[in-house]
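Here's a quick briefing to read with the model open on your screen. Keep the viewer handy and click along as you go.

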Amino acid sequence: MLEVPVVRLDPDLELPRYAKPGDAGVDLVAAEDVVLAPGGGRGLVPTGIAVAIPRGYAGFIQPRSGLALKHGVTVLNTPGLIDADYRGELKVLLVNTDPTEAFTVTRGERVAQLVVQAVEHVRFLEVDELDATDRGEGGFGHTGR
């Protein structure tokens with residue numbers, strides 16, 4: 001199991017944890033109340049923690065499906081990328097897509113999930129052309145609806 005050092009910036013909040021065995025993401029909680037206006041209101045929600053993700057890994061902040069389904073609240077820049085050399089407080093950029101109802105994030109509420117994954121570094125090799133495939137240059141919607 002990968003060990004990720006964490007600093008608890010707010011002593012009253014829980015450390016990230018998996019809700020159930022086998023979960024891919026740990027829950028992140030809000031360190032303060034934030035009101036998200038309807039129709040696209042955004043808010044940067046602090047989590048009260050800072051982490052040191054090891055080199056060769058990255059953290060990806062993902063939405064919570066329950067908030068999205070029940071309230072239309074999701075992570076705006078999904079997935080939010082946490083690089084291995086970032087040492088500041090983790091913050092979650094939430095957006096309220098509900099057209100009429102504001103949403104209040106409350107302190108201690110689970111607002112997102114953090115997934116830590118291994119990442120490969122690549123070196124780009126310039127070539128004159130790419131190898132041919134069945135898909136070719138078929139892009140958005142090329143296989144139908």
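A polar contact here is a pair of N or O atoms within 3.5 Å; within protein, one must be able to donate a hydrogen and the other to accept it, and residues adjacent in sequence count only if both atoms are side-chain atoms. This is a predicted model, where local features need pLDDT of at least 70, side-chain atom pairs count only at pLDDT 80 or more, and totals for chains, interfaces and linings use all residues. Residues are numbered from 1 along each chain as its sequence is written, and side-chain values use heavy atoms, with hydrogens and water left out.

**The open sheet**

- Strands are DSSP runs (E, at least two residues), numbered from the N terminus, and two of them pair if DSSP finds at least two bridges between them.
- Four strands, in the order β2-β10-β5-β7, make up an open sheet with antiparallel pairing.
- At the edges sit β2 (26-29) and β7 (80-82), each pairing on one side only.
- From one strand to the next, the twist averages 35°; axes are lines fitted to C-alpha atoms, and angles run from 0 to 180 degrees between N-to-C directions.
- β5 (residues 57-62) and β10 (residues 110-118) are antiparallel partners over 6 bridges, and G59 has V116 as its bridge partner in β10.
- β5 also pairs with β7, antiparallel over 3 bridges; look for I61, whose bridge partner in β7 is G80.

**Around β8**

- β4 (residues 41-51) pairs with β8 in the antiparallel sense over 7 bridges, with A50 opposite E89.
- β6 and β8 run antiparallel and are joined by 3 bridges; V75 has L94 as its bridge partner in β8.
- N96 belongs to β8 (residues 89-96).
- N96 counts as buried because its relative accessibility is 0%; buried means under 20% relative accessible area, exposed over 50%, and partly exposed in between (1.4 Å probe, protein chains only).
- A polar atom of the N96 side chain lies 3.2 Å from the backbone oxygen of L36.

**The loop between β6 and β7**

- L76 is in the loop between β6 (73-75) and β7, and it's partly exposed, with a relative accessible area of 42%.
- L76 and F140 are 64 residues apart in sequence and 21 Å apart in space, C-alpha to C-alpha.
- P79 is also in the loop between β6 and β7.
- The T78 to P79 peptide bond is cis, with omega near -15°.
- For context, most peptide bonds are trans.

**The largest pocket**

- A pocket is an open set of points on a 1 Å grid over the protein atoms alone, where a 1.4 Å probe fits, with protein on both sides within 12 Å along at least five of seven lines; lining residues have an atom within 4 Å of a point.
- The largest pocket holds about 360 Å³ of space, the volume being the space filled by probe spheres set on the points.
- Its lining has 13 residues, with L2, V4, Y18, V26 and V116 nearest the centre.
- That lining splits into 11 nonpolar, no polar and 2 charged residues; Ala, Val, Leu, Ile, Met, Phe, Trp, Tyr, Cys and Pro count as nonpolar, Asp, Glu, Lys and Arg as charged, and the others, Gly among them, as polar.
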